Amino acid sequence: MRMIKRVLVAASVVTAAGVVPLVTATSASADQSRCVNYIGDHGYLVGPKVKGACSHAAWHAGSVVANPACLSGLVNIHVDLSDAQAACLRA
């Protein structure tokens, strides 16, 4: 299961890098809080690693794409991939 998550994260990184050429930033602190709160609300402990992962803002280029750095940061600390995806879209 862990290997599957890592493969999915790696595939997300490659896909996002090829699909999203333009990255625009939004209000980082407010959006980071939304990501962190989502993780906390779903039963995970929130600490510096969650806050660090959530500091990588989602990419906005026509549609919102979860930042691969956010995804991998959360998955590496054992956040379920679907929860990580939802949280990172809020970052």
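Residues are numbered from 1 along each chain as its sequence is written, and side-chain values use heavy atoms, with hydrogens and water left out.

The average pLDDT of the protein is 82, and 68% of the residues score at least 70; pLDDT is the predictor's confidence in each residue, on a scale from 0 to 100. Helix H4 has the highest confidence, at 98, and helix H1 (residues 2–19) the lowest, at a mean of 55. Helices (H or I, at least four residues) and strands (E, at least two) are DSSP runs, numbered from the N terminus. Below 50 in pLDDT is the stretch of residues 18–27, which has ten contacts in the model beyond near neighbours in sequence; contact means heavy atoms within 4.5 Å. Where pLDDT is low, the predicted coordinates should not be read in detail.

Turning to the cysteines, a search of the whole structure gives two disulfides, a disulfide being a pair of cysteine sulfur atoms within 2.5 Å. In one of them, the sulfur atoms of Cys35 and Cys54 are 2.0 Å apart. Cys35 belongs to helix H2 (residues 28–41) and Cys54 to helix H3 (residues 48–54), so this pair ties together parts that are 19 residues apart in sequence. The torsion about the S-S bond of Cys35 and Cys54 is about -60°, so this disulfide is left-handed.

Cys70 and Cys88 are also joined by a disulfide, with an S to S distance of 2.1 Å. Here Cys70 in helix H4 and Cys88 in helix H5 are distant parts of the chain, 18 residues apart. With a torsion of about -90° about the S-S bond, the disulfide of Cys70 and Cys88 is left-handed. Cys70 is buried, at a relative accessible area of 0%, and Cys88 is buried at 0% as well. Counting bonded cysteines along the chain, the disulfides follow the pattern 1-2, 3-4.

The largest nonpolar core has 18 residues, and those touching the most other members are Cys35, Ile39, Val50, Leu74, Ala84, Ala87 and Cys88. Two or more residues of this core come from each of H2, H3, H4 and H5. A nonpolar core is a set of buried Ala, Val, Leu, Ile, Met, Phe, Trp, Tyr and Cys residues joined through side-chain atoms within 4.5 Å. Leaving aside neighbours within four places in sequence, Ile39 is in contact with Tyr44, Val46, Val50, Leu74, Val79, Asp83 and Ala87.

Two further residues are worth a look. Gln85, in helix H5, is partly exposed, with a relative accessible area of 31%. Apart from neighbours within four places in sequence, Gln85 contacts Ala66 and Leu71; the C-alpha atoms of Gln85 and Ala66 are separated by 6.4 Å. His78 sits in the loop between helix H4 (68–75) and helix H5 (81–90) and is exposed, at 52% relative accessibility. Although not a glycine, His78 has a positive phi of about 75°.

How values were computed:
This is a predicted model: local features need pLDDT of at least 70, side-chain atom pairs count only at pLDDT 80 or more; totals for chains, interfaces and linings use all residues. Buried means under 20% relative accessible area, exposed over 50%, partly exposed in between (1.4 Å probe, protein chains only).
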